[in-house]
Amino acid sequence: MSSLPVFTATTTAEEAAAALAAQIRGKNVLVTGTSINGIGFETARAIAQHANLVIITGYNQERLKLSEDAIKKENPKANIYRLTINLSSLASVRKAAAEVNALHEPLHVLINNAATAFKDFALTEDGIEQQYATNHVGPFLFTKLLIPKLLASTSDSWTPRVVFVSSVAHGYGTGVDLEVFTAPEKGKHPESGHAAYRETKAANVLTAGELARRAKGKINCYSLNPGLIFTNAFGSDAAVAIFQQAGILDQEGAPVPSLDWKTIPQGASTTVVAAFDPRLNDKSGSYLDDCAIADKDVAAHAKDPAIAAKLWELTEEVISEEFIL
């Protein structure tokens, strides 16, 4: 471990993966949300250069195939498995988890990267606000169902890892609206699209911390802020309007150059570090930013154990399953 470099805000995912190649080699990794021009794709691409297996996921089979083809064009030997999943549907999550659990290989790392952002208020087929469904409830259930597969990878030299990609937006507002689980219609208001996104990013941090506490060393869990990155998440008119209002995009919808923008490869590097850096082995529950532990930057509402426990319990009620390790 002493020979590992210091990773920084400018480190790329490929550089981090190369430095951590010994830890990645032989591992099976699942990354949700791997469409081209996103940090999930770049995470999968970098890890696939060294891993035994990378499972890429998405709800659109054609886009998944494009991602696989792009990875294999660069690295023909990459072992890629395409998994179709709609995280906003509990039935789809259960079906996808069953498919993963049927694979022969254990799962060493689960990276909950997928997210939807700045959507108008709507309820899913399960009666859940759509951003809460995709960004929190779906990943919570998916993680719960894959725990046995993760634990099967445990060895003297490896503790399985779960990573939640959050955002600096987790600190905005007042945190998770717990009423959204019992009275989702109350979340319908003019700012609901933006509010639900930042609330679910807080939920990611809370869930990572609570999973770390409940796992008691059996699984290492981390959350992170990838940084300010111009990705496919900026593609919708609603997102552009919000970021223009915030002064992040200019009138043409282009990035304001004076801000600390990262490239997609730089944005994906913190995920790679969270997934494999052995220097984090005794830091489960930590929040990372710029490839380093940044627990001091976590908002108070995203690190309160009482809120985390209540969120966990309410989410169990929504999925009608207990999440017990």
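**View 1. H108 counts as buried, at 9% relative accessibility.** Here, buried means under 20% relative accessible area, exposed over 50% and partly exposed in between, with a 1.4 Å probe and protein chains only. This is a predicted model, in which local features need pLDDT of at least 70, side-chain atom pairs count only at pLDDT 80 or more, and totals for chains, interfaces and linings use all residues. Residues are numbered from 1 along each chain as its sequence is written, and side-chain values use heavy atoms, leaving out hydrogens and water. You will find H108 in the loop between α5 (90–101) and β4 (109–112); helices (H or I, at least four residues) and strands (E, at least two) are DSSP runs numbered from the N terminus. Setting aside neighbours within four places in sequence, H108 is in contact (heavy atoms within 4.5 Å) with G26, K27, N28, L150, S153, W158, P160 and R161.

**View 2. The largest nonpolar core has 52 residues.** Such a core is a set of buried Ala, Val, Leu, Ile, Met, Phe, Trp, Tyr and Cys residues joined through side-chain atoms within 4.5 Å. L30, L110, F142, L146, V162, V176 and F181 touch the most other members. Elements giving two or more residues include β2 (53–58), α6 (130–151) and α10 (305–319). The largest share, 10 residues, comes from α6.

**View 3. A closer look at L146.** Beyond neighbours within four places in sequence, L146 is in contact with L30, A97, V100, N101, L107 and L110.
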